[in-house]
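Student: Please take a close look at the charged side chains here. I would like to know where they sit and what they meet.

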Amino acid sequence: MTGSTAASFTADDYRARMERAARTAAEAGLAGLLVAPGPDLVWLTGYTPPAVTERLTLLVLAAGQDPVLVVPALEAPDAQKAAGAPALTLRDWTDGKDPYAATTALLDASGRFGISDNAWALHLLALQQAVPGSSYTSLTEALPMLRAVKDAAELELMTAAGAAADATFEEIRNVPFAGRREAEVAADLDRLLRRYGHEQVDFTIVASGPNGANPHHEAGGRVIERGDMVVLDFGGLKDGYGSDTSRTVHVGEPTDEERRVHDIVREAQEAGFRAVRPGAACQDVDRAARAVIAGAGYGEYFIHRTGHGIGVTTHEPPYMIEGEERHLVPGMCFSVEPGIYLPGRFGVRIEDIVTVTEDGGRRLNTTSRELVIVE
């Protein structure tokens with residue numbers, strides 16, 4: 001992931017991201033940001049450490065202060081190769097020395113900092129001990145929209161990831177389903193996603209028959225039978241940016257009820273998509289999709305939010321859910337994925353990634369949302 005993402009952006013791109021992050025942190029009343037290895041560090045610097053270890057690696061950002069990346073000395077050569085390295089200062093530390101001295105010298109002794117959600121407790125506790133007047137809040141809580149609005153280059157990568165997932169679906173619909181285990185079809189999805197350029201596959205849900213009523217079913221040993229509805233939900237990272245799409249197929253001819261439920265979900269998904277526009281609240285997308293399903297009498301069987309953000313991870317803010325009043329902004333990318341789940345019987349989910357445009361929304365997944373018949 002590191003190489004492909006780094007190749008897509010320049011040091012100036014990463015410099016602008018770090019400056020914006022530091023400025024946004026200051027506007028939020030924070031003294032700065034502390035960014036540990038993970039998606040935020042990749043997005044801000046283009047750097048992924050060669051291994052996740054107990055050794056401290058931390059990016060320190062603060063308004064009016066040059067970005068500093070604290071790294072173990074043995075990993076400094078790798079950090080220097082990152083695309084964003086020219087936009088920051090590297091400060092290394094060697095084994096046997098205090099790894100926190102290089103960091104604490106950069107901190108406001110009484111400041112409140114946003115810190116990566118995935119930072120090790122070991123490091124956070126050590127910083128609190130070294131700078132007892134400091135305090136910390138999770139980066140997602142403090143700046144939930146840090147990565148939410150994508151620029152043109154990011155949208156190009158998101159579009160390509162969506163096209164790769166679509167190509168995967170166009171092939172998977174032609175493989176045999178009946179008589180094969182869910183795990184075998186899931187392996188086909190993994191193989192196809194990688195063939196179409198994904199360096200990382202995050203999930204390949206194949207939920208057949210009654211398993212389709214579990215939105216996060218793990219593909220397993222159940223043999224798919226004729227007459228089964230099968231929920232397919234798959235995605236991962238291509239060139240560092242996420243794909244995520246769901247389609248529901250049927251093995252052989254469906255019943256009238258199965259067609260009706262699928263049509264309701266398709267109409268709900270379309271309603272959710274039509275609700276996407278600048279200035280609308282995130283919850284408006286959820287309300288639009290949910291109203292269709294509730295109006296058809298299946299409201300109690302739509303058991304999850306309508307969508308989640310996506311970018312350098314496949315799940316991130318913003319979330320399309322009741323109570324989320326944050327407004328949609330051009331460049332945001334998120335899923336629209338209503339579903340109906342009938343316990344012990346079957347489930348249906350239809351999902352596209354959508355980006356907000358200047359006057360509405362654009363789907364990044366364009367495969368048919370009609371019920372597809374497979375063999």
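Tutor: A residue is called buried when its relative accessible area is under 20%, exposed when it is over 50%, and partly exposed in between (1.4 Å probe, protein chains only). This is a predicted model, so local features are taken only at pLDDT of at least 70 and side-chain atom pairs only at pLDDT 80 or more, while totals for chains, interfaces and linings use all residues. Residues are numbered from 1 along each chain as its sequence is written, and side-chain values use heavy atoms, with hydrogens and water left out.

Side chains of opposite charge can pair when their charged atoms come close. A salt bridge is a side-chain nitrogen of Lys or Arg within 4 Å of a carboxyl oxygen of Asp or Glu. The whole structure has 28 of them.

One is local. R194 bridges to D190, with 2.8 Å between the closest N and O atoms. Both residues belong to helix α9 (residues 182-195) and are 4 residues apart, about one turn of the helix; helices (H or I, at least four residues) and strands (E, at least two) are DSSP runs, numbered from the N terminus. R194 is partly exposed at 40% relative accessibility, and D190 is partly exposed at 24%.

Helix α9 also has a buried side. Its buried residues are E182, V185, A186, D188, L189, L192 and L193. Seen down the helix axis, these buried residues fall within an arc of 155°, so they line one face of α9; the arc is that of the directions from the helix axis to the C-beta atoms. They pack against α8 (152-172), β7 (198-208) and β8 (229-238). Just after α9, G197 has a positive phi of about 105°.

A second salt bridge joins R345 and E257, at 2.4 Å from N to O. This pair links distant parts of the chain, 88 residues apart: R345 is in the loop between β13 (339-342) and β14, and E257 is in helix α10 (residues 256-274). R345 is partly exposed, at 42% relative accessible area, as is E257, at 22%.

R326 is partly exposed, at 30% relative accessibility. Elsewhere, salt bridges that share partners connect R247, E270, R274, D352, R363 and R369 in one network.

E351 is a charged residue without such a partner. It is placed in the loop between β14 (346-349) and β15 (352-356). E351 is buried and has no salt bridge; R349, the nearest side chain of opposite charge, is 4.8 Å away. Beyond four places in sequence, the residues in contact with E351 include D233, R247, H308 and E337, where contact means heavy atoms within 4.5 Å.

D233 itself lies in strand β8 and is buried, at 6% relative accessibility. The D233 side chain makes a polar contact of 3.2 Å with the side chain of S246 and one of 3.0 Å with that of R349. A polar contact is a pair of N or O atoms within 3.5 Å; within protein, one must be able to donate a hydrogen and the other to accept it, and residues adjacent in sequence count only if both atoms are side-chain atoms.

Definitions and conventions: Lys, Arg positive; Asp, Glu negative; His and termini not counted.
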